[in-house]
Each structure stands twice: as structure tokens, then as C-alpha cells.
Amino acid sequence: MDIKTYIESGIIEGYVLGTISDQERREVECMSSIYPELKQHLSEIQTSFETFVSRMAITPPQDLKYAIMESIAGTEQDLKPGSVQQEIQQKAQENAKIVQMNTQGNVTSFWRMLAAACLLLLVGTTALFIDQAMRKSDLEKNMAQLEKDQQKQQEETSKLQAQIDQREKEEQFILAESTTEIHLTGTEKNPGADVLVLFNADQKAAMLSFNGLPKPAQDKQYQMWLIIDGKPVDLGVLERDPKEKVTMMDLESILKDSINISAIAITLEKVGGNSTPTMDELFVIANI
Amino acid sequence: MNQRDLILRLQQGDELAFSQLYDSYSPALYGLISRIVQDPEVAKDVLQDSFVKIWKSAPSYSFEKGTIFTWMLNICRNSAIDVLRKEKKDREHKIQIGSDNVYMENESEMNVNAIGIQGLIDKLPEEQRLMIDYLYFKGYTQQEVADELNIPLGTVKTRSRNAVNELKAYFVITVLLWILKHT
């Protein structure tokens with residue numbers, strides 16, 4: 001701030017003449033407390049005005065003094081701004097205002113507020129409770145469903161596993177050295193028929209491939225026989241609608257001892273099988 | 001008792017100190033108030049009001065604010081200008097109603113003014129003297145002066161500044177001369 005410019009602006013003169021705003025007055029007071037040149041300029045002007053005013057002095061009537069002295073006799077001076085007393089006075093005034101406000105029916109509104117707050121809380125709690133209850137049943141439902149799903153999954157998994165196991169068994173069986181291939185060839189009735197049987201005397205199991213077997217008539221079913229010591233031994237009926245292309249047969253029970261198997265045959269019996277093979281319906285046979 | 005002690009005692013509610021202050025400064029202050037409001041009765045009321053204000057607000061005065069004389073001077077001038085403005089408002093109202101008193105009041109006003117500024121007639125160019133008159137003694141704003149005299153606001157500002165500086169120069173010399181004379 002260029003002090004010279006400030007002085008030349010005429011603001012100091014305005015201050016003394018009373019032509020500037022209150023804000024500008026504060027500015028001048030502040031500035032002159034900072035800049036001595038400003039203060040000097042100001043006080044010089046003020047002094048000259050003091051002299052000027054002194055020149056036009058008029059002695060006031062004496063009774064005026066008595067009147068004035070009487071006016072101030074019981075009058076309190078204003079407390080100094082910033083003093084402790086003034087602060088106390090201000091605080092008292094402020095407190096009076098607050099008390100006044102509070103006693104103007106604010107008690108009612110306080111209770112109302114409290115009631116409203118309680119209601120809100122209650123509603124809130126209830127809402128929360130209901131929500132939680134709902135969530136619980138939802139949760140339970142979900143749990144049940146989850147369990148079901150889990151079960152299903154487990155079933156499927158074990159199915160799958162079983163299938164895998166089966167495949168592995170079959171594979172093993174097929175690859176086993178002691179497994180022999182036996183072709184059951186068709187009879188006069190069925191000259192083209194050819195059924196492959198894999199037979200393993202050690203494992204006492206046989207595997208049958210359905211490829212060569214045409215689907216039987218509604219009332220018929222294939223049955224498999226082993227001819228042991230000249231007698232036919234029932235190996236069981238074959239599924240009418242096999243899901244798999246091959247089927248394994250456990251011959252453990254049949255081949256208890258090393259016995260002489262002379263032939264394997266498949267006959268076409270009625271549904272459910274027969275206790276003895278119907279030789280007329282011999283489908284395929286192989287001599288071992 | 002020196003001035004400083006007087007003021008401190010005044011601020012503590014010492015009525016004797018107040019009385020002494022009144023004795024010292026009331027003539028100058030009464031003279032100023034009279035120049036502004038003109039009517040003696042009104043001037044007496046304004047002086048009384050002013051000194052009551054001085055008594056009450058004495059604790060808020062501090063030496064940083066300047067001399068106690070200037071401080072009191074401002075209180076008195078402000079009170080007087082307020083009265084003047086109120087009177088002007090009433091007068092304007094009267095004009096609207098159509099009172100006959102208007103002319104007479106204007107006359108006395110001019111006379112007193114001439115006396116008041118007479119000491120300055122040969123000291124300040126008239127244009128500057130008018131500034132002092134309107135701004136200091138009549139409480140006009142600079143804009144009001146510009147409107148009244150039909151001159152630009154800038155001119156008012158320049159002239160009033162010059163007037164104050166001229167006044168200052170004059171009275172500083174006067175004080176110096178007085179000091180020289182009395183030592």
C-alpha cells in the first residue's frame with residue numbers, strides 16, 4: 001500500500017470532515033495505527049480543527065452546567081468494551097434471552113420432540129424386527145433349498161463317480177491278460193448274429209457287448225447260459241433296454257471252483273427268463 | 001492535575017474531573033454546536049445531550065483514539081448534525097404543507113453562517129470555504145454538495161481536500177505563532 005497515494009486520496013481529510021463511511025473510518029484508524037506518517041497527517045489536521053473550533057468559542061449559560069451535572073449525577077457510565085465487567089453484563093443479557101426463549105412454551109415442544117423420537121425409535125425397532133423375521137424365514141427356506149441342492153449334487157457326483165469306477169473296471173477287465181475274447185455266433189435261426197463276450201476265468205467275470213444283439217420282441221428277453229459239465233447254468237437275463245452298450249457279469253458265485261466250461265450260450269426266452277434254456281431259441285453259442 | 005490524570009479519573013466516574021473537563025472545553029464545543037444548529041435553545045439541549053454522552057461513554061475513550069478534545073468535538077458535532085437533519089426533514093414537511101416560517105429560518109441561517117466562517121474569509125478561497133461550510137457545518141454529503149452547487153463530485157472531493165489542508169496550514173502556523181508569542 002503506497003502511503004503517499006493513500007494520503008493523497010483525501011481519505012484523511014474526509015475522516016475529519018465526517019464525509020466517509022463507517023467502514024472507511026475503521027480503515028483509517030487501523031492504517032494510522034500502522035503507519036506513523038498517516039497518524040501524523042491525521043493528528044495535524046485534527047489539531048488544526050481544534051484550534052479552528054476554539055476560535056469560535058461561545059461561553060454557555062451557567063445554569064446549563066448545573067442541569068448537566070444533575071443529569072449525570074445518578075447516571076452509570078457504560079462499561080468499557082472488552083472489560084471483564086462488560087463481559088459479565090453481556091453474558092447476563094444473553095442468558096436472560098435464553099431463559100426467555102425457553103420459558104416460551106419450549107417445554108411442550110421438548111416433550112413433543114422426545115415423544116417423536118421415541119416413536120421413531122419404536123417404529124424403527126419394529127421395522128428392524130420384522131425385517132429380521134422375514135430374513136430368518138427366507139434364510140431357512142434358502143437353507144432347505146441349499147440342502148436339497150447339495151443332496152442332488154452329491155447324488156449326481158456319486159453317480160458320476162460310479163460311472164467312472166465302472167469304466168475303470170471295464171477298462172481293466174478288457175485290458176487284463178487273462179481276459180479272452182469269445183464270439184458267440186448265431187444259430188441257424190439267426191445266422192448273422194455275433195455277440196462278443198469277454199471272459200476272464202481268473203476274475204470270474206464276463207463282459208458282454210450288446211452290439212450284436214437286436215432288440216428282442218416285447219414278450220421276449222435274452223438269457224445267458226454257461227454250459228458246465230454238460231449242464232446249462234443260468235447266468236441271468238439281459239436287460240431288455242440296456243442303457244449301456246456293455247454289461248458286466250459277476251460269475252463268482254457260479255464259477256466257485258475251477259470248473260470246466262464247455263460253452264456259453266444266449267437263448268431267447270420269455271420275459272423273466274427260464275430255468276432251463278429253450279434250445280429251440282438258441283440265439284448264439286460259443287464253444288470254449 | 002494534568003490532563004492525563006483528569007481523563008483517567010473521569011473514566012472511573014469522578015464527577016469533579018467531569019466538571020473540570022466541562023469548564024475547559026464547553027465554550028469551544030458550545031460555539032461549534034451553535035454554528036451548526038444556530039438556535040440557542042436547541043444548542044443548549046444539544047450541549048447537554050452531548051455532555052451526558054461524554055460522561056457515559058468516557059470509559060470507551062482511549063489515548064490511541066486521539067486527543068480527548070477531538071473525541072468530544074466529534075460527539076458534539078454528530079449530535080448537532082443529527083438535530084440539523086431532523087430539523088431539515090421537518091422543514092421540508094412544512095414546505096409541503098405551506099408554512100410561512102420557512103423564509104425567516106433561512107435568513108437567520110445565512111447570517112450565522114457568515115459569522116461562523118468570517119474568520120476564514122480572507123484565508124481561504126471562496127470555493128474552499130464553501131466546502132467547509134457545507135460539509136463540516138451543515139453535514140452535507142459530498143454528493144449533496146455536488147448536486148447543490150451543480151458541480152462534479154470529483155471537484156467537490158478535490159476542493160474539500162484542499163480546503164482542509166489550507167485550514168491545517170493556517171492553523172498550524174497560528175499555533176506556532178501563539179507558542180512563540182507566549183514563551
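Reader: In what order do the elements of chain B run from the N terminus on?

Author: Chain B reads α-α-α-α-α-α-α-α from its N terminus, with 8 helices and 0 strands. Helices (H or I, at least four residues) and strands (E, at least two) are DSSP runs, numbered from the N terminus. The model is predicted, so local features need pLDDT of at least 70 and side-chain atom pairs count only at pLDDT 80 or more, while totals for chains, interfaces and linings use all residues. Residues are numbered from 1 along each chain as its sequence is written, chains are lettered from A and ligands numbered from 1 in the order in which they are written, and side-chain values use heavy atoms, with hydrogens and water left out.

Reader: What makes Ile132(B) count as buried?

Author: Its relative accessibility is 0%. Buried means under 20% relative accessible area, exposed over 50%, and partly exposed in between (1.4 Å probe, protein chains only). Ile132(B) therefore counts as buried. Ile132(B) sits in helix 6 (residues 126-137) of chain B. Of the 183 residues of chain B, 45% are buried.

Reader: Which residues is Ile132(B) in contact with, leaving aside its neighbours within four places in sequence?

Author: Contact means heavy atoms within 4.5 Å. With those neighbours left aside, Ile132(B) touches Leu17(A) and Phe52(A) from chain A, and Leu124(B), Phe137(B), Ala163(B), Val164(B) and Leu167(B) from chain B. Between the C-alpha atoms of Ile132(B) and Arg161(B), 29 residues apart along the chain, the separation is 9.7 Å. Over chain B, among contacts between residues at least 6 apart in sequence, 58% join residues at least 24 apart.

Reader: How much area do chain A and chain B bury between them?

Author: They bury about 4300 Å², 67% of it on carbon and sulfur atoms. Leu17(A), Phe52(A) and Gln77(A) supply 16% of the area that chain A buries against chain B, more than any other three residues. Buried area is the accessible area (1.4 Å probe) that two parts lose on being put together, summed over both. The contact takes 42 residues from chain A and 50 residues from chain B.

Reader: Why is the link between Glu44(A) and Lys168(B) called a salt bridge?

Author: The closest N and O atoms of Glu44(A) and Lys168(B) are 3.1 Å apart. A salt bridge needs a side-chain nitrogen of Lys or Arg within 4 Å of a carboxyl oxygen of Asp or Glu. On the side of chain A that touches chain B, helix 1 (3-8), helix 2 (11-17), helix 4 (36-54) and helix 5 (62-73) of chain A each give two or more residues. Helix 4 of chain A gives the most, with 12 residues.

Reader: What separates Asp90(B) and Lys86(B), which also form a salt bridge?

Author: Their closest N and O atoms are 3.7 Å apart. Asp90(B) and Lys86(B) are 4 residues apart in helix 4 (residues 68-97) of chain B, and therefore about one helical turn apart. Asp90(B) is partly exposed at 40% relative accessibility, whereas Lys86(B) is exposed at 55%. Over all chains the count comes to 8 salt bridges.

Reader: Why is the aromatic pair of Tyr22(B) and Phe51(B) called edge-to-face?

Author: The pair is 4.8 Å centre to centre, with 65° between the planes. Rings of Phe, Tyr and Trp (its six-membered ring) pair if their centres lie within 6.5 Å; planes under 30 degrees apart count as stacked, over 60 as edge-to-face and the rest as tilted. The pair is therefore edge-to-face. Tyr22(B) lies in helix 2 (residues 15-37) of chain B and Phe51(B) in helix 3 (residues 40-57) of chain B, so the pair ties together parts that are 29 residues apart in sequence. Both Tyr22(B) and Phe51(B) are buried.

Reader: What angle makes the pair of Tyr136(B) and Phe137(B) edge-to-face?

Author: Their planes stand at 90°, and the rings are 5.4 Å centre to centre. Tyr136(B) is buried at 2% relative accessibility, and Phe137(B) is buried with a relative accessible area of 2%. Ring pairs link Phe49(A), Phe52(A), Tyr136(B), Phe137(B), Tyr170(B) and Phe171(B) into a cluster.

Reader: How do you know that Asn150(B) is exposed?

Author: Asn150(B) has 71% relative accessibility and therefore counts as exposed. Asn150(B) is in the loop between helix 7 (142-149) and helix 8 (153-182) of chain B. Although not a glycine, Asn150(B) has a positive phi of about 60°.
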